[in-house]
Structure formats: C-alpha cells, structure tokens
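Thanks for asking me to go through this model with you. Below are my notes, point by point, to read alongside the coordinates.

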Amino acid sequence: MTTISQPVAYSPYAYEIHEDPYPVYARMRAEAPVYRNDELDFYALSRHEDVLAAFRNLDGFSNAQGVSLEPSAFGPDAHKFMSFLALDPPRHTRMRSLVGKGFTPSKVAQMEEHIRAIALEHLEPALEQGTFDYIADFAGKLPMDVISELVGVPRADRAEIRRLADTVVHREDGVLDVPPAGMEAAVTLVGYYQQMVDDRRKSRRDDLTSALLDAEIDGDKLSDDEIIAFLFLMVVAGNETTTKLLGNAWYWGWRYPDQGAKPFADHDRVAPWIEETLRYDTSSQMLLRVTRVPMQLHGVEIPEGSRVLLLVGSANRDESVFPDADRYDLDRDTSRLVSFGGGRHFCMGAPLARLEARIGLSELVTRVATYDVDPEGIERVHSINVRGLAALPTTVTRR
Ligand code: HEM
C-alpha cells in the first residue's frame, strides 16, 4: 500500500505551530519554499537565502503596511504605532538617521551599570525565595525597566509603565487581534510619553527623550509625534522580544543540560548561550512584507501587492547554513543567524538586547549553582509571531 502524503499546511495561528513550528518549517523549506496560504492571504519564504535576500531587497519588498499579519497592525497607518519600522526609504532613512543621532552605541554602552542594578533589583528577591517564576519575577520585568531607564521614565512610574506595556502586547489564547484593553493601554502610554516630551522640551535631562529632541541633521528635526511613535516602537519591538530571549535561554539550557551547564562552568560561555538561543528558538519568528513588483521565485509567481512572511525562525534552522540545525549546540558558528533581520531595517536595539541578556544571565550564573524547572507549570505564549514562555517556574540552589 502506498501512502500519499498531504501537502504541507502552515498557519501562524495554529496551536500546533506555537508548540513546535520547526518540523513544519523543515517541510516548507524542502517542499514549498514559496508557500501559499489562500485563506489568510499570504506567501511565506522559509529558506535562509530567500529570507535574507528579501530583507535586503527594499525595491522588491515594502514595510509600509507594517510587519505583522495581525489585522489591526496591518495597513497604511502602521507607522503611527511602529514608527520607521513601518516606513520605506526615503522616510525610513530620514527617521532612522535622526533617531540614530540620539540612540547611539555609546548611549547603550553607558547603560551597563544601570542594567545590572535593574537586573539585581528583580533577581535578588527572587533568588532569596529559592523558587520563583523566572518570567514574572525577572525576565518579564528587566527589558521594559531598561527601556524606561533609557528614555527617562522616573523609577516611581516604572512599574505602572511596565503594566501598560504588558497590556499592549498581551493576547488571550484564541484572540487574533489587539484586544480593547490593549488599545486603551496604548492610548494611556502614548499620553504618558507625550507628557514626558512636553516636560523635556522645557528642561532637558540626560536621557534619550532629551537627546531625540536635540537630534538634528541639516536643520531637520523630529516632531513630537515622531518621537512618541519611536518611544512606542521600543515598547513593541524591544520589550517582549528580549523577555522571551531571556526565557528561551533558561528553558533550552534546562532542556539540554549538557549545553546549559557550559555557561555555569565557564562564564565566558554566556555569550554563545545567547547567540545559540537566538538562532535555535528566536522570539521574533516572522516579519511581514508586501511586494512592490511582480516576482518569480522557485517557479512561483508572486503578484505585486502580495503579503509575504519572512520566516526568520525557519531560516535559522536551514541545514545548508547551520549543519545539524535542530541540535542546540553552544559550540556552533551562529554568525549567520537572521534573528535581528537584515539590511536597512536591521534591529536597532540588537546591541541593547545582547547587553541586557549578557548582564542578566551573567548575574544568574555567578549566583546560581544549579536550577530546575517544574514542567507542569510551564506556559507557552500563544502569539502569531512571538515565540516564548509566559510562565517558567524555577527552583535554584545558590553557589
Ligand atoms: C531579542 C530581542 C530582539 C529581537 C529578536 C529583535 C528583532 C528585530 C527584528 C527581526 C527587526 C527587523 C524587523 C523588520 O525588518 O521588519 C527589528 C527591528 C527593530 N528593533 Fe529589534 N529586536 C530585539 C530587541 C530590540 C530592542 C531591545 C530594541 C530597542 C529598545 C529594538 C528596537 C528595534 C527597532 C527600533 C527596530 C526597527 C528598525 C528599522 O526598521 O530600521 N529591538 N528587531
């Protein structure tokens, strides 16, 4: 008897995909490198070479309708909340250059001691308890507090700003779009940032909001709305993604103890732990583009105006670039990972995300001898593009 295998089926809304998308990605790379989903109206590219080429091809692919399939995040207004991530050149070039005047590598490097202080503020009480939720007590708090520190939110307001930011990105299981509570929180957050911009306009401080007000190229400056949209973009792009990176490192280190033990034995291995986690199970699984011209790829015609998903999570598992790609291996070459995108939209916060992860995980490995996770209590986030954990109950033994 012969069995006829079904053609590969992929939907980013499917729970099986949230549990483990990688076997489906492998089939897409092999059988349908230009995958078509008629119902949800998108194409998907899954091979490393194609994903990277699309990131770099700004003439062929547009960001101007946003980078997410979520109905309320898709469309010509996307830039109002996602700033220059949802703009094409020349508007993208102008805004990214202006923001780059304020959000400089040296500004990020200066954050090191502040990040350590924030990490310890959350870690010490958690470690004191011995058993805690790694996400709720630590990984879910650090990134947003770091963004608040960077942009100038005073300490007293940070917990509330974190609550609002979490509400903006939170999705109940089965809800496919931004819920009303998320919209309300977004409006409150924008109002808070507007007030902060007004205050800094009157009197500058040593923070990113003040630096953005002063950023200037040939007399051109950012408007208040542009500054606020960028502050909001950092919440959307830099908060949950970094939380999930911290969580995924902890989780996979536990699932593969032969690899997870390495940074605990040698603290220099924290950096490879982060890089291999970014490759193996990245928090931002896909980015959307819309084609600006008709294309042909692997024998498939893609009309102009089509929605195309770039499956970063799949590209990172492409065997032609990463041998034995399904193995979590801290000793491998990860230099070609595409977790931060590529080309002109390459993640502006990548150095900050890496710094936060390095500091957070380093502070853990210097204090913790061993850890265990309660598998019963693990909860996965059900989101169409963010991959990671909502709960990760952990017990540690101290050094
Ligand atoms: C592990 C953490 C992170 C991951 C996986 C990640 C991933 C990405 C990716 C894939 C893109 C490109 C999107 C596209 O081409 O459509 C991007 C863009 C961006 N990211 Fe990140 N990101 C992370 C952390 C951060 C942080 C901490 C910040 C800042 C606080 C940040 C700020 C940005 C900004 C501003 C852009 C837009 C760049 C542009 O359009 O020119 N990201 N990020």
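1. Let me start with the second largest pocket of this predicted model, which has a volume of about 280 Å³. Its lining is made up of 15 residues, and those nearest the centre of the pocket are His79, Lys80, Asp225, Glu226 and Ala229. The elements that supply two or more residues to this lining are helix H4 (79–82), helix H5 (91–102), helix H11 (180–202) and helix H13 (224–238). H13 gives the largest share, five residues.

2. How many cavities of 30 Å³ or more does the structure hold? There is one, and the largest cavity has about 110 Å³ of space. Sixteen is the number of residues that line the largest cavity, and Ile17, His18, Gln285, Ser383 and Arg387 are the closest to its centre. By class, the lining of the largest cavity has nine nonpolar, five polar and two charged residues.

3. Which protein atom is a donor to the iron atom of the ligand? The single donor from the protein is SG of Cys347, at 2.3 Å. Cys347 sits in the loop between H17 and helix H18 (350–367).

4. Helix H15 (residues 257–265) can be read in a similar way. Gln259, Gly260, Pro263 and Phe264 are the buried residues of H15. They cover an arc of only 150° around the axis, which puts them on the same side of H15. Which exposed residues are carried by the face of H15 turned away from its buried side? They are Pro257 and Ala265. Among the elements covering the buried residues of H15 are helix H14 (240–255), H16, H18 and strand S11 (368–373).

5. A lysine to look at: Lys107, in helix H6 (residues 105–109). Is Lys107 buried or exposed? Its relative accessibility is 15%, so Lys107 counts as buried, the cut-off being under 20%. Leaving aside residues up to four places away in sequence, Lys107 touches Gly102, Leu150, Asp206, Asp207 and Leu208.

6. Val386 belongs to the loop between strand S12 (379–380) and strand S13 (389–391). With 12% relative accessibility, Val386 also counts as buried. Not counting residues up to four places away in sequence, Val386 touches Glu240, Lys244, Ser283 and Val381. The C-alpha atoms of Val386 and Gly247 are separated by 12 Å, while the two residues are 139 residues apart along the chain.

7. Some backbone geometry to check before you set anything up. Most residues other than glycine have a negative phi, and most peptide bonds are trans. Pro89 and Pro90 are joined by a cis peptide bond, with omega about 5°. Pro90 is placed in the loop between H4 and H5.

8. Two residues other than glycine with positive phi deserve a look as well. Asp218 has phi near 50° and lies in the loop between strand S5 (216–217) and strand S6 (220–221). At 80% relative accessibility, Asp218 counts as exposed. His298 has phi near 50° and is found in the loop between strand S8 (295–297) and strand S9 (300–302). His298 has 40% relative accessibility and therefore counts as partly exposed.

Methods. Residues numbered from 1 in each chain as written. Predicted model: local features only at pLDDT ≥ 70, side-chain atom pairs only at ≥ 80, totals over all residues. Heavy atoms only, no water. 1 Å grid on protein atoms, 1.4 Å probe; cavity = no way out; pocket = protein on both sides within 12 Å on 5 of 7 lines; lining within 4 Å. Points joined across faces, edges and corners; volume = space filled by probe spheres on them. Helix = DSSP H or I, 4+ residues; strand = E, 2+ residues; numbered from the N terminus. Donors = N, O, S within 2.8 Å, 3.2 Å for Na, K, Ca; no water. Nonpolar A, V, L, I, M, F, W, Y, C, P; charged D, E, K, R; others polar. Buried < 20%, exposed > 50% of the residue type's maximum accessible area, 1.4 Å probe, protein only. Contact = heavy atoms within 4.5 Å. Arc of directions from axis to C-beta.
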